[in-house]
Amino acid sequence: MKQITLLGSTGSIGTQTLDIVEHHPDKFRLVGMSAGGNVELFATQIRQFKPEIVAIANATKLAELKEAIAEVEPKPIMLAGKEGVETVAAYGDAEAVVTGIVGCAGLLPTLAAIKAGKDIALANKETLIAAGPVVMPLIAKHQVKLLPADSEHSAIFQCLQGVPEKGLRRILLTASGGSFRDLPVEELANVTIADALKHPNWSMGSKITIDSATMMNKGLEVIEAHYLFGLDYDQIDIVIHPQSIIHSLIELQDTSMLAQLGWPDMRLPLLYALSYPDRIYTDWEPLDLVKCASLTFLAPDHRKYPCMQLAYAAGRTGGTMPAVLNAANEKAVELFLQEKIKFIQIPQLIEAVCAQHNSESDCSLEDILAADTWAREITAEQVMAMC
């Protein structure tokens, strides 16, 4: 039985991870959990899974959480705030930590888990995007596994099993095209938050759904793939695949291509990250190619999706620039969801902030965190100037 810790238990990744644990009680045991501020759901999860330690990131909700689980015995160790989440990440006998915290907030807990010798099931792409130059050396130093738990990078990782060293030529990340895939670019100026949150294939949290609509999620995945698989940016391509059945592909040196297919279900990559190198039987619906009927592919429209090119540029610049790109995007998405900017202003803001940043090529964790803070502040200032 594998002992695991789950960071971000009340989000989309967290609830799907718990579904796996619930259906495979002989395979996985939950040691620790953290959540943001959803006390009601977090308390329900604690009652069901009875972890040894928990933390709620919103420290003002700790008293409410204690009251909500007053009847639970034995009571878990209960912590709060960012430090509490980091303590949970590094705690006890957990062999693997699922990082389901959204955004750059997942960085420090992930580093704490790595330093404690835990394998990482990485569902938080921002960790590598913002801090790849710091994270990857730590992974090597502490000799832990970094296992991708999002669909695209899991697909690549699965396809690479058995591929000889230097056998890989390039990778193709597939993209659904998001909520506005079929909308003319001229109509983007008038889209609403409700429009952007209507993803055609996946059920995800609001931030990543907006990232999918702008295709920034795919740009961020390009940077993540660079670190995960050691490829130059010229070896990483994007193709729009509306059905989301092929989750990504690899091309080998002899031009052979391998792909991983499945229904759009985040539990598949999560299960593989948790069970690797084993394969666990599930009673989930198998993929039916006849039911799929057809698989189609399109080249990305960079006029509609300028965020992809911004991400490639930031990745090639390197240093602290990807951290600035990521932070500016997080802040811009937040402002859009607060109805303070229009959808088409998201890439405009990000580009303006990146243009003002002088990237540090040799960057420490402190440099990355400073760049992240700076980018968020400048993004907010840009909005005020626009108004």
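The model is predicted: local features need pLDDT of at least 70, side-chain atom pairs count only at pLDDT 80 or more, and totals for chains, interfaces and linings use all residues. Residues are numbered from 1 along each chain as its sequence is written, and side-chain values use heavy atoms, with hydrogens and water left out. Helices (H or I, at least four residues) and strands (E, at least two) are DSSP runs, numbered from the N terminus.

**Around His-357**

- His-357 sits in the loop between α15 and α16 (365-386).
- His-357 has a relative accessible area of 13%, so it counts as buried (buried is under 20%, exposed over 50%, partly exposed in between, with a 1.4 Å probe and protein chains only).
- Leaving aside residues up to four places away in sequence, His-357 touches Thr-320, Met-321, Val-324, Ala-371 and Trp-374; contact means heavy atoms within 4.5 Å.

**Helices α14 and α15**

- The axes of α14 (residues 321-337) and α15 (residues 345-355) come within 9 Å and cross at roughly 145 degrees. Axes are lines fitted to C-alpha atoms, for helices over the stretch in contact, and angles run from 0 to 180 degrees between N-to-C directions.
- On the α14 side, the contact includes Met-321, Val-324, Leu-325 and Phe-336. On the α15 side, Ile-346, Leu-349 and Ile-350 are among the residues involved.
- By class, this contact has twelve nonpolar residues, one polar and no charged. Ala, Val, Leu, Ile, Met, Phe, Trp, Tyr, Cys and Pro count as nonpolar, Asp, Glu, Lys and Arg as charged, and the others, Gly among them, as polar.

**The seven-stranded sheet**

- Seven strands form an open, parallel sheet in the order β4-β3-β2-β1-β5-β6-β7. Two strands pair if DSSP finds at least two bridges between them.
- β4 (77-80) and β7 (146-148) are the edges; each has a single partner strand, so one side of each lacks a neighbour in the sheet.
- Neighbouring strands are turned by 20 degrees against each other on average, direction ignored.
- Four bridges pair β2 (residues 28-35) with β3 (residues 53-56) in the parallel sense. Ala-35 stands opposite Ile-56 in β3.
- Helix α2 (residues 39-49) lies across β2 and β3, at about 160 degrees to β2.
- Helix α4 (residues 81-90) also packs on the sheet, touching β1 (2-7), β2, β3, β4 and β5 (96-99). Its direction makes about 150 degrees with that of β3.

**The four-stranded sheet**

- Four strands form an open sheet with mixed pairing, ordered β9-β8-β10-β11.
- β9 (236-240) and β11 (257-261) stand at the edges.
- The twist averages 20 degrees from one strand to the next.
- β10 (residues 246-252) and β11 run antiparallel, joined by five bridges. Glu-251 has Met-257 of β11 as its bridge partner.
- Helix α7 (residues 151-160) lies across β8 (168-175), β10 and β11, at about 40 degrees to β10.

**Asp-283**

- Asp-283 lies in the loop between α11 (267-275) and α12 (289-292).
- Asp-283 is exposed, at 64% relative accessibility.
- C-alpha to C-alpha, Asp-283 and Ala-35 are 29 Å apart in space, and 248 residues separate them in sequence.
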